[in-house]
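Please look over the sequence and the model before reading on. The report then turns to selected local features.

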Amino acid sequence: FTLDLDPAQQSEHMQGVITSSDTKLDVNVLALNTTTVTFQPDNPPDQITIEFVDYCGTRDSGERVMGLAHFNPLTNSLTPDRSLIWPVPQAWSMEEAATVASSFSLAYYSLLIKAKLLPGERVLIHLGSCPVSQACIAVALLIGAHVFITIQNKDELPSLLRTFPQLNADHIVPLENFYTMVRLKSGGDGVEVVVNCVQNTEKSIGCLSYDSRFIQLCNIDFRHRETIGMGTFIKNSNFFGVSLTNILNADSDIKNKLHIFLKDGIKKGIVKPLRKQSFNLQNFSQAMDHVKNYSCKEKTLIVIKAEGRSELPLTSLLGFHCEPDKTHIIVGTGGLWLELAEWLVKRGARRLFVAPVTELSPTFSRRFHRLTSLCYVRVMVTSATRLVSHSGAVDFLRSAEALGPISTIFCVAMDENCPKIAYLDSATRELVPHLKHFVCLLGGCTNVCKLRAQSNLSVCLIRPQSELQKPHSVLPYLSYVLCDSNSAGHLFTVSDQEMGTTTQDDDDLVEQDPHSLLPSSLEDLLLLADDVAPQLSLREVVTRSPCHESVKHNLLPVFLLPGIHAAYIKPLIRHMIHPAYCVSWPETSQSVESVAGALLKEVMRVQKEGPYNLVGDSWSGAVAIQLAALLEGRGHRVELFLVNAGLLTIQNCARALSCNFNDSLDLALLTSLLRLDTQLVKSTVESSSWEELLHQALQMVQPRLQQLDPTQEVHSIQQRIGKALKAIRSHIKILLSYKPLENLLKGNVHLIRPKGASDIDFCGILQYCQQRPIIYVMEEEENHDQMIKSLNCATLINKNLLYSWDL
C-alpha cells in the first residue's frame, strides 16, 4: 500500500507490497505515525506524510519482535532500526505490541533524556487521552513527579483515573482554561516541565516556573507568528522540539538508552499497550482518515498478516523454511541426520519424527539430548526396523501422523540398495500422495527416486561424487533446492568443490579452535606475565564512561572476567558505556569455587549492593557462572554475559588441546604456546613432571628469548614466560575439573556466539539456569578475535546491562 492520500491513486497503490530491508523479519502489523499533524487537529490537511512506523513481526527464528522503522512511501519499504527493537512479551498480541514503541520512545526521550525530569518536580502534560501523552504520564509517575493533565472533555476523566489510579484527580483540568487552573493548583509557581502537543503555545509557556523545560511534540505553524517574551528566558527556561526524527536519527548512545528504558519499563509493567484501531489493507482509505482525525485518541494500525497465520516467512529469498504444524520425518545413519534435525529446527520445524539406523557417538548423543530438551520442539524417536515391509512402513507413517500431518521425509546417508527407502516410497504413495518433499540426502535408492520423478511425485536425490570431507556442508545447498515449489525430479551430484562455492546462510557447524583462545606469541606471554598477580585482584579499566566514582549513583559497573588477561579484551572494554573493572588472575588457582569466592570479596568491595553485571570471556565462563551463583545466593540480581564462554564448549576446547598428546595438557600447552616441535617435545620430556617439562621447554626456546629484549637477562625473561604459562595451565585445569552447581541461576544468562554457531545449542549452560539462556549469534564475526574487536558484540552487552533501579 502507499500512504499518499490522493483518492485517485489509492486503488493503484493499494496493490503494492510492503517490503523490509531486514530479510529475516516478517512484518505482521504496522502503526502509522505522522509528524505533520498536531494532536489537536482543527483543520486536517488533505495529505499527510508517513515517515516512521511502529512495526511488529516475526523473525525467521520464530521470535516475535516490535520496534521503530523508517518508511519510504515511494517504494512501500521500511527500514527497521537495529537498536530500537524489543522482544514482544508473551502476554501481548502483535497488534497490542505495535502500539508501544514510538509513543514510549518519545516519552522517555522527552522526559528523561531532554527534560531530565526529577522526582518531586511538577510536569504538565496536555491531552491526557492521547497515546503519546499516556506514555508520558506513565513515565512521569514512574519517576515520582507531580503530574498535571489537560483533557478536552470531562468524559475522559474516569478513563484516565482507571488507567492511572496514582493520579490526583484535582490535577486533571479542562484544556479550555488550563492556564488559570494550573497556576492556581501549583500555588502560583507553575510547573518545571511542560509536554506540549497543541498548536497554541503561549498559555503553555506561561505555566513554566524557574529553571524549567518546555517539550514541543508537534510541529508549530510559524505563520501564526507566536511570540515568546523575554520573561521566559529570564526564568532560565529551555525549549526542546521533539519528534520521531530526533529519535531515529540519534546516535547509538541515545538509542541504547532508549532500548534499555523501554526494556526496563516492560519488565516493571510501566510500558503497556495503548488504545488502538485496526484496519486491513482493503480498508486502507479508512485507516488514513483515521490517522488524520483520531491520532489524538488512539493508534492507527494496518494489519498486513493476521497473527498465527504463519510462524515464519515462506519466501525463497530467505531460504527454505519448515511448516511448524507439520511433521518432518528423518531416517538416517551416522551423525548427519542429527545435524539435519538441528538445521530443520532452525528453519521452523517444531515436530520431528526420527528413526536412527545407527547409534550416535557420545558427542552427538549430548547434542541430541539438547535438541530434545527444547520445550518448543516435539521430537518422537522410533526404530527403523519397521521399514522392512509395506505394512510396516504404513504403520511407521501412521505413528508419525500422531504428531501432525506429514510434510517432508528425509532419508540420510542410506545405502544405495537399502529396501527401507522403497517401502517408505510405497507407503507414502498410499497415505501421503501429496507429500511436499521426499529427499534422499547423500545416498539412497536411485531407482526409487527416478520412479517417483517419472510419476511426477516430489523427490530430491542429492548424491556425492566422492566422499565429502564435511557432509554437513550440503545443508545450505539443500536449502536452495527445496525452495523450488516444484520439487518433482531433482537429481543432483555434488562434490567438495561445489560445496565450497555454495553460499552458506548461517548453518555451517563451527568448532572453536582452542589455539585461537590462547596467546599467539612470546610477546603475548610477556604481556600476560605482567598482568598476573600473586593474588586475584580487580582494577578499574578505561571505558567510554567516566570513572566509576564520578557516576556511581547513575551507572552500575561491569565486572569483566577475561579469558586470559585484560589486554586480550581491550577492544571490548573500550566500547563499554558503563564503568568497568577487570580481573587479574593469580599465578595458581585451586578450583573454580575458590577463585569465585576470592573474586566475590573483590566485587563486594567495589559494589556493596546489587544488581550486578558480569561478563565472562572464553576460558573464564566457569568462574563467571560460579560467581553469579554466589551473588544470587546473597539475594542479589545478576545479569550474566558469556562471550564464547559456554561451559561445555569451552571444556571441550580444553580437552581438544591435549588430544594429540595422550591427554597431556602440559605437553599440549607448552608445544602450542612456545611453538615447539611436537615430536621433539614428546621424545624428550614425555614422562616428566610439570616443573621438569617447563624447565626443558624454556631451554629449547632460549635462543628466541634472547631476541625478545636484548637489554634483559634471559633468565629474567624465562621467569616471566614461566609465570604466564603457569597461570594459563592453572586456569584451564580448574575449568576441566569444574562440576555442576547445586543451585541453579535465576537471572538472565546471555550467550554470545560467533557467526555460524547454532542458535539452539546452549553449550552446556542450560542445566545451570532456571530460565532459558538467551543466545545471540553474531551476523558477521566468525571467530572469537573478531567478536572481541566488534562494536556489535559490545552493543549487545551494553543494551542489556542492568541499572541501579533493576532490583
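The paragraphs below treat a pocket, a helix and some backbone details.

## Basis of the model

This is a predicted model, in which local features need pLDDT of at least 70 and side-chain atom pairs count only at pLDDT 80 or more, while totals for chains, interfaces and linings use all residues. Residues are numbered from 1 along each chain as its sequence is written, and side-chain values use heavy atoms, with hydrogens and water left out.

## The second largest pocket

The second largest pocket is lined by 25 residues, and L112, F261, N554, Y803 and W805 lie nearest its centre. A pocket here is an open set of points on a 1 Å grid over the protein atoms alone, where a 1.4 Å probe fits, with protein on both sides within 12 Å along at least five of seven lines; lining residues have an atom within 4 Å of a point.

Because domain 2 (102–268) and domain 4 (512–806) both give residues to the lining, the second largest pocket lies between them; the domain bounds come from an automatic or database domain assignment.

## A helix with a buried face

In α27 (residues 690–700), the residues W690, L693, L694, A697 and L698 are buried, meaning under 20% relative accessible area with a 1.4 Å probe and protein chains only. Seen down the axis of α27, these buried residues fall within an arc of 125 degrees, so they line one face of the helix; the arc is that of the directions from the helix axis to the C-beta atoms.

## Backbone details

A cis peptide bond, with omega about 5 degrees, joins G610 and P611.

Phi of L127 is near 50 degrees, a positive value in a residue other than glycine, and L127 is buried, with a relative accessible area of 4%.

Technical notes. Buried < 20%, exposed > 50% of the residue type's maximum accessible area, 1.4 Å probe, protein only. Helix = DSSP H or I, 4+ residues; strand = E, 2+ residues; numbered from the N terminus.
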